[in-house]
Amino acid sequence: MTALLSPAFLSVTASLTGRSWRGPETSLERAAEALAQDSRLPLPVSRVLAERGVPAHEAQAYLDPKLRDLLPDPQRLRDMDKAAERITAAALSGQRIAVFADYDVDGGASAALLIDWLRRQGRDATLYIPDRIDEGYGPNAPAIAALSQNHDLIVCVDCGTLSHEALAAATCDVVVLDHHQGGETLPPVLAVVNPNRADEDGALGHLCAAGVVFLTLVRCNSLLRAAGHDAPDLIPLLDLVALATVADVAPLVGVNRAFVRQGLLIMARRGRPGLVALSDVARLDSAPNAFHLGFLLGPRINAGGRVGRADLGAQCLSCTDAALAQRLAAELDELNRDRRAIEAAVRDEALAQVEARGAGTLAWAAGQGWHPGVVGIVAARMKEATNLPSVVIGVEGGIGKGSARSVPGVDLGRAVQRLAAEGLLLKGGGHAMAAGLTVEEALVPAAMERLAQLLSREMAARSGAGELRISGLLDPAGATVELMQMLDRAGPFGQAAPAPRFAFADQLIDSASTMGDSHLRLRFRSPGSPVLEAVAWGAMAGPLGPALLGAKGRRFHLAGRLELSQWGGRERVRLRLDDAAPLG
């Protein structure tokens, strides 16, 4: 039976961003009211739990997720025992271990996890991260062959599942710990631990690579204890798992919620020099949250792999010397500024191409000389602007290297993998929400046309593409620190677990001004309520910012997500504004 949607929320059918506002389904609102009555939780919190399908008797357990309750048995993953036994044996016998990692946050954090675990047992490991431009993504035969000459074991993290030819060059044992979608066959290695292998059931497919590495280390610890050895404490490593889970846009469901919740608590203790230094250069002066991981720390760690030295992020995360960590963080911060400038130029050209090409099921753009280090983040910006799966390709010497980002409900990684199998790509792979590809320049239009065809069915099944989902109404007087503290317990919020978005009806704009070049700050209130501040990030680049900038004294319906900010040593609530609709 199809659920009945409510009419346009607050009668908003065309907001300033051109969207229709939709409130919760009638059945969902009733479930939230019943849950609030049974659990005595605030209605806004009950709405979040109702959206997640949490019954009243499980509400308190959901609000306080415990790793011990949610951590899956590592042995449910294929090849886990082979991988853990080999890694443990190498650690115990002092064999030479190399860690081959991807150059993004998930790869860097995964490498740092393994290096940290080995270091706690008095063992060192060689870190190898390929150069994005010279070597490309994942293992390559020359690097693997060279590492094999002076190492007994290579552990590939966040890569390797599709690297058949490259890993065949190994003359030592290789273990792959990955989460990218696998093909029909596996590379010729000792073990491939990957919840997204073709022969897995997909129950743990939401794990990022760092989550897979953590589960592997849980199993390694069990083997150490069974052999009568002390096992390193894994809890302090959860800061890295949390960082990777959020930065890799993994769904915040199941054990991922516990990873992030517990990892943020570990991070707040400021015990890891690299994360302390990165937080300081990002001017993070409050307890970290998921937003900080994804938008402040993640981009800086990624900057090394995008426009600088590929291993800088992993080196910073695994660093134990505070002074060295500060130098690495400063270098990453500077590279991040360079990355933003390069990204802006590519983004403008790419969006112009998309606009000229017109609407469809796929947004894509390709350009000569576009830096391969920014195509992924430009694809993410394009996806946000168009609400379509997006591909951005940088072309050099007749070869295009691209990154793709998807929207919920559309499995982009599987489609890209099929495109590679059909011969339209030189190579390609990834997971549901993100993928990478290499394509001959002459085949770019045909490949993108075929990709659009492959995605069309899933895109047609999506609903609400031109809608803004609203969780409920709120008044500025109800936007309290206490409510935010309760809402935070229903988080963390992110992929597959969006933060509730509230509408504020009939609000008077007290003031509006710009922040920097592209952001908007405003203050608003309703009769008898205190003034609430709102920030609209990047709003001046679209229709929202210019329309509200001169709106002092006018009334609007406003919609956005609440967040806590620090000012003068005190916490206060503000609205991260998503949309607005004028009255009258």
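Biologist: Why is tyrosine 128 called partly exposed?

Modeller: Its relative accessible area is 24%, and the term covers values between buried (under 20%) and exposed (over 50%), using a 1.4 Å probe and protein chains only. This is a predicted model, where local features need pLDDT of at least 70, side-chain atom pairs count only at pLDDT 80 or more, and totals for chains, interfaces and linings use all residues. Residues are numbered from 1 along each chain as its sequence is written, and side-chain values use heavy atoms, leaving out hydrogens and water.

Biologist: How many aromatic pairs are there?

Modeller: The count is 4. Rings of Phe, Tyr and Trp (its six-membered ring) pair if their centres lie within 6.5 Å; planes under 30 degrees apart are stacked, over 60 edge-to-face, and the rest tilted.

Biologist: What makes the pair of phenylalanine 100 and tyrosine 128 stacked?

Modeller: Their ring centres are 5.2 Å apart and their planes meet at 20°, so the pair is stacked. Phenylalanine 100 is buried, at 0% relative accessibility.

Biologist: And why is the pair of phenylalanine 504 and phenylalanine 524 called edge-to-face?

Modeller: Here the planes are 70° apart, with 5.6 Å from centre to centre. Phenylalanine 504 counts as buried at 0% relative accessibility, and phenylalanine 524 is also buried, at 0%.

Biologist: How do you know that the charged end of arginine 257 sits over the ring of tyrosine 62?

Modeller: That charged end is 3.7 Å from the ring centre; the rule asks for NZ of Lys or CZ of Arg within 6 Å of the centre and within 35 degrees of the ring normal.
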